[in-house]
Amino acid sequence: MSSPVTGVIHDLERILLTPEQIHARVREMAARLNAALAGKVVTVVALMDGGLFFVADLLRALELPVRLHTLSASSYQGGTATTGEVKVSWPADVDLRGQDVLLLDDILDTGLTLSVISERILAQQPASLRTCVLLSKRRQRLREVALEDAGFEIDDEFVVGYGMDYMGRFRNLPCIGILNPNKPS
Ligand code: IMP
Ligand code: MG
């Protein structure tokens with residue numbers, strides 16, 4: 001069976017992070033959280049769809065009791081530049097009061113998404129809030145976000161793969177790559 005990369009590799013300008021690099025770093029992030037949150041029940045608030053594989057891999061490396069809430073947030077509406085408005089579908093039954101919350105997302109870019117969601121979480125008065133992202137872009141933020149951990153700092157380029165999409169495509173790439181500016185067709 002051919003790898004999912006094979007069919008779309010021509011759409012990538014280059015591979016930024018291999019599956020091995022991603023998995024090693026995600027395991028390190030989980031080890032830090034296992035130490036920091038030892039003895040606690042962790043209430044994870046995970047942003048979909050981009051966080052899908054990061055969350056799945058990180059949670060399976062957590063040696064802690066976990067509750068999981070998934071949220072959908074979007075500001076991009078399919079392109080590569082933020083619209084400045086964040087839409088969040090917040091489940092009605094999420095009560096975070098007194099919980100040790102771990103907020104997870106794929107990538108921190110302008111900071112708008114995580115700042116909007118952090119404010120909503122903090123308004124519910126959790127016992128603690130930690131925010132981790134797999135990728136953090138080196139750029140000026142529109143809103144500052146306090147991070148517990150970021151897997152990788154990357155340049156301000158549009159990335160796809162390992163959950164992240166361009167126009168709904170490329171989420172299932174096991175690596176993270178920079179899109180070829182002349183592609184996809
Ligand atoms: P922010 O609100 O600008 O920080 O954007 C955060 C969200 O935008 C992330 O959760 C991603 O879904 C999306 N995003 C930002 N940069 C990229 C990228 O380079 N590739 C794919 N999605 C991105
Ligand atoms: Mg996202």
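Of the 185 residues of the protein chain, 48% count as buried, where buried means under 20% relative accessible area, exposed over 50% and partly exposed in between (1.4 Å probe, protein chains only). This is a predicted model, in which local features need pLDDT of at least 70, side-chain atom pairs count only at pLDDT 80 or more, and totals for chains, interfaces and linings use all residues. Residues are numbered from 1 along each chain as its sequence is written, chains are lettered from A and ligands numbered from 1 in the order in which they are written, and side-chain values use heavy atoms, with hydrogens and water left out.

**Overall build**

- The protein chain has four helices and nine strands; helices (H or I, at least four residues) and strands (E, at least two) are DSSP runs, numbered from the N terminus.
- Read from the N terminus, the order of elements is α-β-α-β-α-β-β-β-α-β-β-β-β.
- Of the contacts in the protein chain with a separation of 6 or more, 68% are between residues 24 or more positions apart; contact means heavy atoms within 4.5 Å.
- The accessible surface of the protein chain is about 9300 Å², and carbon and sulfur atoms account for 49% of it. Accessible areas come from the Shrake-Rupley method with a 1.4 Å probe; for residues, only the protein chains shown count as cover.

**Nonpolar cores**

- A nonpolar core is a set of buried Ala, Val, Leu, Ile, Met, Phe, Trp, Tyr and Cys residues joined through side-chain atoms within 4.5 Å.
- The largest nonpolar core holds 30 residues, and Leu 104, Leu 134, Leu 135 and Ile 176 have the most contacts inside it.
- At least two residues of this core come from each of α2 (19–36), β2 (42–48), α3 (52–60), β5 (100–108), β6 (128–137), β7 (149–154) and β9 (176–179).
- The element that gives the most to this core is α2, with five residues.
- Not counting residues up to four places away in sequence, Leu 135 touches Leu 17, Asp 106, Ile 107, Leu 108, Phe 152, Ile 154, Val 159, Met 164 and Ile 176.
- A second, separate core has 15 residues, including Ile 117, Val 133, Val 145 and Ala 150.

**The three-stranded sheet**

- Three strands form an open sheet in the order β1-β9-β8, with antiparallel pairing; two strands pair if DSSP finds at least two bridges between them.
- β1 and β8 are the edge strands, each pairing on one side only.
- Strand β1 (residues 12–17) is joined to β9 by four bridges, and the bridge partner of Leu 17 in β9 is Ile 176.
- Strand β8 (residues 159–160) is joined to β9 by two bridges: Val 159 stands opposite Ile 178, and Val 160 has Gly 177 as its bridge partner.
- Val 160, in strand β8, is buried, with a relative accessible area of 0%.
- Leaving aside neighbours within four places in sequence, the residues in contact with Val 160 include Leu 12, Tyr 166, Phe 170, Leu 173 and Leu 179.
- The C-alpha atoms of Val 160 and Ile 15 are 9.6 Å apart, although the two residues are 145 residues apart in sequence.

**Ligand 1**

- Ligand 1 is surrounded by 15 residues, of which the closest are Asp 105, Thr 110, Gly 111, Thr 113 and Val 159; a residue counts as near a molecule if one of its heavy atoms lies within 4 Å of it.
- A polar side-chain atom of Asp 105 is 2.8 Å from an oxygen atom of ligand 1, and a polar side-chain atom of Thr 110 is 2.4 Å from an oxygen atom of the ligand.
- From Gly 111, a backbone N or O atom lies 2.8 Å from an oxygen atom of ligand 1.
- Ligand 1 taken alone exposes 480 Å², and the protein buries 91% of that.
- β5 and α4 (112–123) are the elements that give two or more residues to the shell around ligand 1, and β5 supplies the largest share, three residues.

**Two aspartates in loops**

- Asp 11 lies in the loop between α1 (4–8) and β1 and is buried, with a relative accessible area of 3%.
- The side chains of Asp 11 and Arg 169 are joined by a polar contact of 3.2 Å. A polar contact is a pair of N or O atoms within 3.5 Å; within protein, one must be able to donate a hydrogen and the other to accept it, and residues adjacent in sequence count only if both atoms are side-chain atoms.
- Asp 93 lies in the loop between β4 (87–89) and β5 and is exposed, with a relative accessible area of 64%.
- Asp 93 and His 69 are 24 residues apart along the chain, and their C-alpha atoms are separated by 9.6 Å.
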